[in-house]
Amino acid sequence: MDKINTRWIFAGIALCCFVLLTAAWHAQYGPAKQQPCPLCILQRYGYLLLGTVCAVGAAFARPGRPAWVVAIIADVVASLGVAVAVWQVTKGKEMTSCTTDPVGVFVNGLPTADWWPEFFFANGGCADVYPPVFGLVVPVWSLLWFAGFAAAIALVIANEARRMARPTA
């Protein structure tokens with residue numbers, strides 16, 4: 001019997017990603033009116049893609065069907081999310097004109113920025129400072145979430161590798 005239930009981990013990560021996207025919407029349009037910077041928007045894409053990949057993994061992971069392919073894709077997405085979050089935490093304060101730099105131009109030039117500008121158009125600055133949430137600023141929270149997702153998915157990959165290495169009777 002597997003020690004880790006892959007479907008539940010995928011479902012939990014997908015749910016968390018979609019809740020975090022809802023929280024981002026609330027931070028932007030709720031009382032705080034926090035406008036997202038290009039790096040925030042890139043992280044929204046990461047959460048959306050990770051949540052979708054994990055939802056697919058939760059729906060289709062079954063005994064006898066290896067989930068390692070979905071887990072590797074999800075871990076790559078989560079790792080890219082970590083990279084963007086680290087970039088924002090370490091270099092974001094220095095990016096004073098990030099809506100006009102190459103990252104901002106790229107993010108706002110994506111088709112989704114036209115299709116759903118309320119959610120995927122960056123109109124805030126990376127150096128904008130907002131009040132912390134439970135003692136941490138939002139970019140640090142995003143880094144922690146992506147790192148936690150990457151670690152949980154790494155457990156799924158290790159579990160799948162162990163399951164596949166077992167001799168069949």
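# Close-up views of the predicted model

**View A. Phe-134 sits in the loop between helix 6 (117-120) and helix 7.** Helices here are DSSP runs of H or I with at least four residues, strands are runs of E with at least two, and both are numbered from the N terminus. The structure is a predicted model, in which local features need pLDDT of at least 70 and side-chain atom pairs count only at pLDDT 80 or more, while totals for chains, interfaces and linings use all residues. Residues are numbered from 1 along each chain as its sequence is written, and side-chain values use heavy atoms, with hydrogens and water left out. Although Phe-134 is not a glycine, its phi is positive, at about 50 degrees. Phe-134 counts as exposed, since its relative accessible area is 78%; the word buried stands for under 20% relative accessible area, exposed for over 50%, and partly exposed for values in between, with a 1.4 Å probe and protein chains only.

**View B. The whole protein is shown as the setting for the other views.** It has 7 helices and 0 strands, and the pattern read along the sequence is α-α-α-α-α-α-α. Of the 169 residues in the protein, 37% are buried. The accessible surface comes to about 9,500 Å², and 73% of that surface belongs to carbon and sulfur atoms; such areas come from the Shrake-Rupley method with a 1.4 Å probe, and for residues only the protein chains shown count as cover. Among the contacts with a separation of 6 or more, 83% join residues 24 or more positions apart, where contact means heavy atoms within 4.5 Å.

**View C. Aromatic rings gather in one cluster, made by Trp-25, Tyr-29, Tyr-45, Trp-116, Phe-119 and Phe-120.** A pair of aromatic rings is described by the distance of the centres and the angle of the planes. Rings of Phe, Tyr and Trp (its six-membered ring) pair if their centres lie within 6.5 Å, and a pair counts as stacked with planes under 30 degrees apart, as edge-to-face over 60, and otherwise as tilted. A search of the whole structure finds 9 aromatic pairs. One of them joins Trp-25 to Tyr-29 in a tilted arrangement, with 4.7 Å from centre to centre and 45 degrees between the planes. These two residues both belong to helix 1 (residues 6-29), where they are 4 residues apart, or about one turn of the helix. Trp-25 is partly exposed, because its relative accessibility is 34%, and Tyr-29 is partly exposed as well, with a relative accessible area of 36%. Another aromatic pair, formed by Trp-116 and Phe-119, is stacked, at 4.8 Å centre to centre and 20 degrees between the planes.

**View D. Phe-119 has Arg-44 over the face of its ring.** Arg-44 lies 4.4 Å from the ring centre of Phe-119; a charge sits over a ring if NZ of Lys or CZ of Arg is within 6 Å of the ring centre and within 35 degrees of the ring normal. Is Phe-119 buried or exposed? Phe-119 is buried, because its relative accessible area is 4%, whereas Trp-116, at 40% relative accessibility, is partly exposed.

**View E. A nonpolar surface patch of about 620 Å² is made by Trp-68, Val-69, Ile-72, Ile-73, Val-76, Leu-80 and Met-164.** Patches are made of residues with over 30% relative accessible area and no salt bridge, joining like charges within 9 Å and nonpolar side chains (Val, Leu, Ile, Met, Phe, Trp, Tyr) within 5 Å. A salt bridge, in turn, is a side-chain nitrogen of Lys or Arg within 4 Å of a carboxyl oxygen of Asp or Glu. Which helix gives the most to the nonpolar patch? Helix 3 (residues 68-91) does, with 6 residues. Val-69 is placed in helix 3, and it counts as partly exposed because its relative accessibility is 43%.

**View F. Thr-6 is placed in helix 1.** Thr-6 counts as buried, because its relative accessibility is 8%. When neighbours within four places in sequence are left aside, Thr-6 is in contact with Ala-61, Ala-67, Val-156, Asn-159 and Glu-160.

**View G. Pro-139 is placed in helix 7 (residues 138-165).** Between Pro-139 and Val-86 there are 53 residues of separation in sequence, yet their C-alpha atoms are 8.2 Å apart in space. Leaving aside neighbours within four places in sequence, Pro-139 is in contact with Ala-85, Gln-88 and Val-89.
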